[in-house]
Amino acid sequence: MDPHLCISQALELAAQALCLSNPNPRVGCVITTADGALLSEGFTQQAGGPHAEVVALRSAAAAGLDVRGATAYVTLEPCSHQGRTGPCCDALIQAGIRRVVASIADPNPLVSGQGFERLRAAGVEVEVGPGAAASRELNLGFFSRMQRGLPWVRMKAATSLDGFTALPNGASQWITSPEARADGHAWRARACAVLTGIGTVLADDPRMDVRDAPAPRQPHLAIADSRLQTPAHARLFDVPDRKVFIYAGAHADTAGADALRARGAEIVFAPERDGHIDLHWVVKDLARQRSVNELHVEAGARLNGALLQAGLVDELLLYQAPTLLGAGLGLAQWGPLDELSQAMPLEFHAVERIGPDLRIVARGKGRADF
């Protein structure tokens, strides 16, 4: 097989871990003979499960195939540390892999070149670079957490063509199509956690889970709730197998805290800034203490505006319906600005039709340059 085709195939495998491997990176592995015949392949499983290289090695062994002298194509540097699983570089060495072609170095400081060093020290030929941009893009949240100490923050909203998220009376179901809503759930599924605000919880009583797309795991839920008003009977607690983090302020009313904890909530008291919880602190905590790579924001105009004004949003995921409302609620409350030069600069990253609607992915200029 052509080396570039092998890496492309490994990247397609890595994409199958998109909603599965969090908080670990999405990695694919293809193993071929020295002359390019396919032996086995694999992608990283759920946290605590085998990584892509081990899946591929086990697949070859199960088929009775000898991988000694073979080439492994992987989309990220094989890990070199003992976590919930053993070092992948050691597994490759012990299996007799002769050559490793990897897309990009692992940004995790526990690895960061050490996997390559260990492979080379064992006599394994190492090539780095093919597919680097695609692998980094697939794992942008993981790179962000490792290199910035922050998750990649993606804010999602559905609007009319004139930019309204709801009618003046708050009615918003449904501005966009079923196809757009299902696509939005697919993006929700790939996140480590969803962030919303107490206003949304009280107004809509949402479950904030993934229902309209395949979901091998439910993303965790974080709630910005400075006064600790989340009701213990809220439907968001009815979603099994996910964690709920409620970020409260120092002056929160803790009378209902025990009832919330009984429903499985973890209450995190955040410092305050200007009378509100410090969103910078919250976002950092989600990365550093909760291992959140991608943070998916679905909130109301107040929290959206606060996050945008704080400079914490990396990417906007907008679904725009071909309809005009004339008046209504906006995407975010921030500003007003005095000059156009004060506007927030964005770049269109991708624009695509989803059913009758448009999906726009726009990024802050330079946000991915870390």
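Predicted model: local features only at pLDDT ≥ 70, side-chain atom pairs only at ≥ 80, totals over all residues.
You'll find it in the loop between strand 9 and strand 10, the latter being residues 244-248. Asp241 isn't a glycine, yet its phi is positive, about 60°. Is Asp241 buried or exposed? Exposed counts as over 50% relative accessible area, and Asp241 has 75%, so it's exposed.

Met208 sits in the loop between helix 8 (198-204) and strand 9 (220-224). Buried means under 20%, and because Met208 has a relative accessibility of 8%, it counts as buried.

While we're on loops, there are a couple of cis peptide bonds to show you. One runs from Asn22 to Pro23, with omega near 5°, and Pro23 lies in the loop between helix 1 (3-15) and strand 1. Another joins Gln173 and Trp174, with omega about 0°. Trp174 is in the loop between strand 7 (164-166) and helix 7 (178-190).

Now, the inside. The largest nonpolar core has 31 residues, and the ones touching the most other members are Tyr247, Leu286, Leu295 and Leu307. Helix 10, residues 279-288, gives this core its largest share, four residues. There's also a second, separate core of 29 residues, with Val27, Cys89, Ile97 and Phe116 among them.

Cys89 takes us to helix 3, residues 88-95, where the buried residues are Cys88, Cys89, Ala91 and Leu92. Why are they on the same side of helix 3? Because they cover an arc of only 160° around the axis. Their packing partners are helix 2 (52-62), strand 3 (71-74), strand 4 (99-102) and helix 4 (114-121).

Helix 2 has its own buried residues, including Val54, Val55 and Leu57. These buried residues of helix 2 pack against strand 1 (28-32), strand 2 (38-43), strand 3 and helix 3. Gly64 follows helix 2, and its phi is positive too, near 75°.

Last stop, the surface. Trp334, Leu337, Met344 and Leu346 form a nonpolar patch there, with about 310 Å² of accessible area together. Leu337 is in the loop between strand 16 (329-330) and strand 17 (346-354), and at 40% relative accessibility it counts as partly exposed.

Conventions: Residues numbered from 1 in each chain as written. Heavy atoms only, no water. Patch = residues over 30% accessible without salt bridge, like charges linked within 9 Å, V, L, I, M, F, W, Y side chains within 5 Å. Areas by Shrake-Rupley, 256 points an atom, 1.4 Å probe, with all protein chains shown as cover. Salt bridge = Lys/Arg side-chain N within 4 Å of Asp/Glu carboxyl O. Helix = DSSP H or I, 4+ residues; strand = E, 2+ residues; numbered from the N terminus. Buried < 20%, exposed > 50% of the residue type's maximum accessible area, 1.4 Å probe, protein only. Core = buried A, V, L, I, M, F, W, Y, C linked by side-chain atoms within 4.5 Å. Arc of directions from axis to C-beta. Contact = heavy atoms within 4.5 Å.
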